[in-house]
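Subject: Handing over a structure

Hi,

Here is the structure I said I would pass on.

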Amino acid sequence: MQENLDENQKKDQEIFEDENAGFKLRNAVLGFVISLFIIGFVVFAFTVEPVNYKPAIYLYPENTTQISVKLDKTIKYKNVIPKYKNGWYVEAEPNGVLRDLQPKYTNCEKLPYKEFGFEYSKQACEINKYPYIYWDGVQVVKPVPKKNEGFIVKSENIEDFLSKKADELNFNKEEKVEFVRYWNKKVKNTGWKQVKIYFLQNEDVENYLPLYIDPRPDNINRVEIVITKAKKNEKIKEQTLIPFNRSGYTMVEWGGMILR
């Protein structure tokens, strides 16, 4: 009988040890999975593409025209005004005023009109007259194009710099006022004493952030301002900008990124 008892105790001990080993293995696997998740999250957090801030799309047809505008599938948008519903569908006047043809999808009360850059949005929505199409978001596939030329600008001088470049690019009055107001504050909010700036234009922007416009404008003028912190005593070859061609049915878009 004692031998049977000892044999049962031995079997119980083996079962306990097997279960304990299995428990340790499961914990080890779980710990490994959690570690991979944390590493993946950290890598994603530090490699995610920068936000494209306030690309504003202006449309100037020669006659009142219904126009559709669509973002490429590689662009993940965040804020869109008016609402993006399989694209934007607007009626555009020659003076640039846009009427949303899908107004039921935009809730005027839920627009972030109290935030910087969105102040116009609620009133524009309520009367269904927009100065431009607003979007922001990220390009999830393509890297930001690089340039070996640009400008080094002290932050205290950024407003004057932006004003001069807007004139050089052939912005109209309304475009210039909002472009300068917006990027002046965005740059100063970085806290950087001086910045390095380069401009992406037309084909560079089209390849990086594809848009599909129907009917297609006679002239498409797109510009993205790319801003980074300038190193002490950094120098760079000055960039030559291409003025907008505003003849015929014209599209203008400006936006930008801050690379930290």
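Below is what I found, starting with the ground rules.

This is a predicted model, so I kept local features to pLDDT of at least 70 and side-chain atom pairs to pLDDT 80 or more, while totals for chains, interfaces and linings use all residues. Residues are numbered from 1 along each chain as its sequence is written, and side-chain values use heavy atoms, with hydrogens and water left out.

**The core.** The largest nonpolar core has 65 residues, and Leu59 and Phe199 touch the most other members. (A nonpolar core is a set of buried Ala, Val, Leu, Ile, Met, Phe, Trp, Tyr and Cys residues joined through side-chain atoms within 4.5 Å; buried means under 20% relative accessible area, exposed over 50%, and partly exposed in between, with a 1.4 Å probe and protein chains only.) Strand β12 (residues 250-259) supplies the largest share of this core, six residues. Strands are DSSP runs of E with at least two residues, helices are runs of H or I with at least four, and both are numbered from the N terminus. Leaving aside residues up to four places away in sequence, the contacts of Leu59 include Ile67, Val90, Ile133 and Met251, where contact means heavy atoms within 4.5 Å.

**The cavity.** Searching the whole structure turns up one cavity of 30 Å³ or more. (A cavity is a set of points on a 1 Å grid over the protein atoms alone where a 1.4 Å probe fits but cannot get out; lining residues have an atom within 4 Å of a point. Points are joined across faces, edges and corners, and the volume is the space filled by probe spheres set on them.) The lining is made up of Glu206, Leu211, Tyr212, Ile213, Arg216, Ile220, Arg222 and Met251. β9 gives the most to this lining, with three residues.

Most residues other than glycine have a negative phi, and most peptide bonds are trans. Two cis bonds to look at: one joins Ile81 and Pro82, with omega about -5°, and another joins Asp214 and Pro215, also with omega about -5°. Pro82 is in the loop between β3 (75-81) and β4 (88-92), and Pro215 is in the loop between β9 and β10.

As for positive phi, Lys54 has a value near 40° and sits in strand β1 (residues 53-60). Lys54 is buried, at 0% relative accessible area. Asn170 has a phi near 75°, lies in the loop between α3 (158-169) and α4 (173-188), and is partly exposed at 32%.

Cheers

Definitions and conventions: On a 1 Å grid over the protein atoms alone, a cavity is a set of points where a 1.4 Å probe fits but cannot get out, and a pocket is an open set with protein on both sides within 12 Å along at least five of seven lines; lining residues have an atom within 4 Å of a point.
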